[in-house]
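The following paragraphs lead a new reader through one protein chain, from the overall form to individual residues. Please keep the sequence and the model in view while reading.

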Amino acid sequence: MKRVLTHQGAGSSVWIKQVLAAFGLAALLVSASGAFAASPNLSSTLPRGGQRGSEVRVTFLGSQLADAEEILFHYEGITAKDLKVVDAKKVEATLVIAPDCRIGEHHVRIRCKSGISYARNFWVSQFPNVDEVEPNDDFEAPQKIDLNVTVEAEAKPEETDYYLVSAKKGQRISVEIEGLRINNITNNIAIDPFVSILDKDRFELASADGSALLKQESVLSVIVPEDGEYIVEVRDSAYQGRGRYRAHIGTFPRPTAIYPAGGKAGEEQEFTLIGDKKGTYKVKEKLPPKADVMDHGIFAAHEGLFPPSPNLVRISEFANALEVEPNNSYKEATAVGAVPVAMNGILETEGDEDYFMFTAKKGENFRFQVYANRIGSPVDPVLTIYDAKMKSLGSSDDADGTKDSRVDFKCAADGEYFVRVKDMLSRGGADFVYRIEPEKSVPSITVTMPEMLRRNLQYRKQFNVPRGGYYAMTVNTARKGVSGDLVFELPALPKGVTWEAGTIDKSVSQFPILLKAAPDAPIAGGMYTLNAKTVDTENPVSGTFVQPLDFVRGPQNGVEYYTRYVDQLPIAVVEEIPYSVTIDQPKVPIVRNGTMKLKVRAHRKDGYDKKITVRFLWKPPGITTPATMTFNEKDTELEYEVNANATAALNTWNVNVLAESSGPTGVTMTASPFIKLTVEEPFVGMKLSMATAKQGETSSIVADVEHLRDFDGEADVQIFGLPAHSTTSVLKLKKGLENLDFPVATTEKTPVGQHKNLFCTVVVMKDGEPISQRVGMGGVFRVDPKPKEVKAAPAEAKPKVVAKVEKKEKPLSRLEQLRLEAKKEAAAP
């Protein structure tokens, strides 16, 4: 499956990749009694588009839409009237599409009293809408339609849709599908369109499964061989479709390439349209006055009709150079003179290679960018730069996440150099158009917003400011060749809304903006411009905020398939919410390697008793905090710990918290007003000496003190990190004291071994508030085992006196007595 990587879905995403915007949760009906509401969620529209110069009744589908008030568009040409809220999931409105409205893709949002929704796309055609009529899945019973219509239809699994048209010999039949681009299914592709044109005998005249021009979207044209009826077949390429599509079917031109692929800003340029079945044709167009990273679309009319989608071109500040054939070797290279100049060509045949020769001066730096695949060309370019002796100075195939090439060139000496471009697979063709732009580094500021949720580039990019409350945004400012301080510009805002930011220090690239709505600000909103510019007015540089809109993400881990960009910011005043938050302004600074506890307060209204989660949306460099903290039901205070590391940026910064709470209608959000957080140098430095003690003994740890700046009074100093079953005292540190001696008492239970990572806290009181810093990190306290007791040798044992006991003779038995008597008688004389 091929990814859709348009000029705005891939090439532009190289230089801007930041993300955001929160949708509501469950779709719950909001009563008309002034209940607190949450941000609306717009998922899609029916139909998905309309004809210019007409009025079309459109149903907007989503959730939390019960308080809808207005339909917003990013571009001119469409307005809405007769808005009707059907229920919390459905809103209807009549869209009035001007006769001169730009054909193609537009972006639409719903503004409710509770906020502005995500952007979704809406498509404008030169043709009237025709609804699909089921059943039309039988080749023998197709739906009959006129030519030059746009069919609004639905793709279903294992289903093919057939449409019958009548045409004359030599007439052009073209088909272009808007399918993948118009569906919003989380991490999935609704339809990967396949199209074919067949005659009544089911002979296929042509088919298409994707295109170089529109990637996975199919385009197709044929010249009718004879009068008769023809069948247009539309289906998902894998028979797994499950979404809407719009099929433009008619006699319109469909060029597949435009040459040259760009022009100089503000000038009239003649373009040749290539690849249409009726042959090439030319148009002239006055290009926009300013070069833009978002490529320009040319709708090149032919025989009174336009292609449904444009051919893309680049707008540059420098002139064009067109290849002159033959230029297939460096000896035949097209000379373009000194760069920068845009080199344009076509790899017309298989194996074609094009060479250009340019001149540059020593020390000049250029980034050579190829624009081909990003602007709808089939070329997969390989770019190489050579010196005059044809030694390669750099080569590139794919770069910046695209199939297009990029080579950075630093000129080592004045002279002539060569550029070669070819296709990776040595392919070629009439529409294998490319453009090479040597971009010189110029000071610039890119204004974006950080990614707040992975794979969701609109998350928290709708700035809904509650009446009487605040909302905050964090803005990225990427400087290129700019080193000074910056400031923001918001030329216009909804009535009753003011903003605050301050100067963006040259040391930071990210900074907060705080929006505030007056209590009586009208409930309203729209699309607004945000700029960043240098404070230095002698060498002014500015940049405009650009937001990515990731309309389609695919099943491979939510990879971007179709992303567009808009240079406007949605801001609205919304209804009051039932709580607000503030931070008590600290009277003291935080010091490097210090810590501070900020008091955050929740102000609950009308008995509101839901949990409220707060977070720091932005933190100054070197400042860290817990990711979030939560007020439990009915809590009104909490302490948010702030830590400064050893290199925290010294300055006074605007900081605040963003708060959110899930109420009866979904998630509501607000911000606290700014407080000033000052970061200063620490008062003292300290080094802890290594100390030892035996279990049960008292030892001492000596701290050598370095006074870095003065403080009034005495500071409390305490050691942390001692082992269990050991104690010490809090000591007082005065000005001029060079060391502290901490007595450490151990017990027989104190663990034996080296106890590392000891440190001290030094607390200085000022204006009744503590200034706490950590010093002496890495101290060591060794505990040795208590010595074993040596037992005394036992005394010599005295000999025992044994008393003599007279042994009694055992009485003789009667037999023994007779024997004894006989013995005596025998011995007598």
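A residue is called buried when its relative accessible area is under 20%, exposed when that area is over 50%, and partly exposed in between. With this scale, R406 counts as partly exposed, because its relative accessibility is 25%. The model in which this residue is found is a predicted one.

The chain as a whole may be considered next. It contains 2 helices and 67 strands. Its radius of gyration is 41 Å, well over the 28 Å that the globule rule gives for 829 residues, so the chain is more spread out than a compact globule. Along the principal axes, the C-alpha trace spans about 175 × 95 × 80 Å. Of the 829 residues, 52% count as buried. Among the contacts in the chain with a separation of 6 or more, 69% are accounted for by residues 24 or more positions apart.

The strands β49 and β58 run parallel and are joined by 2 bridges. Here I590 stands opposite V679 in β58.

S672 is placed in the loop between β57 (666-671) and β58 (675-680). Is S672 buried or exposed? Its relative accessibility is 0%, and therefore S672 counts as buried. Leaving aside residues up to four places away in sequence, S672 touches L514, V581, T582, I583, N656 and V657. The C-alpha atoms of S672 and V655 are separated by 9.0 Å, and these two residues are 17 residues apart along the chain.

Charged side chains form a further set of links. Side chains of opposite charge can pair when their charged atoms come close. In this model the count of salt bridges comes to 39. One of them joins E303 to K278, with the closest N and O atoms 3.4 Å apart. E303 lies in the loop between β24 (296-298) and β25 (311-316), while K278 lies in the loop between β22 (268-274) and β23 (281-286), so the pair ties together parts that are 25 residues apart in sequence. E303 is exposed because its relative accessible area is 54%, whereas K278, with a relative accessible area of 37%, is partly exposed.

R406 forms a salt bridge with D400, and the closest N and O atoms are 2.5 Å apart. D400 counts as partly exposed, because its relative accessibility is 27%.

A further salt bridge brings together the side chains of E637 and R601, at 2.6 Å from N to O. E637 belongs to strand β54 (residues 637-644) and R601 to strand β50 (residues 594-604), so this pair ties together parts that are 36 residues apart in sequence. E637 counts as partly exposed at 41% relative accessibility, and R601 is partly exposed with a relative accessible area of 25%. Elsewhere, E152, E178, R244 and R246 are linked in a network of salt bridges.

The cysteines complete the account. How many disulfides does a search of the whole structure find? The search finds 0 disulfides.

Notes
Residues numbered from 1 in each chain as written. Predicted model: local features only at pLDDT ≥ 70, side-chain atom pairs only at ≥ 80, totals over all residues. Heavy atoms only, no water. Helix = DSSP H or I, 4+ residues; strand = E, 2+ residues; numbered from the N terminus. Buried < 20%, exposed > 50% of the residue type's maximum accessible area, 1.4 Å probe, protein only. Contact = heavy atoms within 4.5 Å. Pairing = 2+ DSSP bridges. Salt bridge = Lys/Arg side-chain N within 4 Å of Asp/Glu carboxyl O. Disulfide = S-S within 2.5 Å. Rg over C-alpha atoms; globule rule 2.2 N^0.38 Å.
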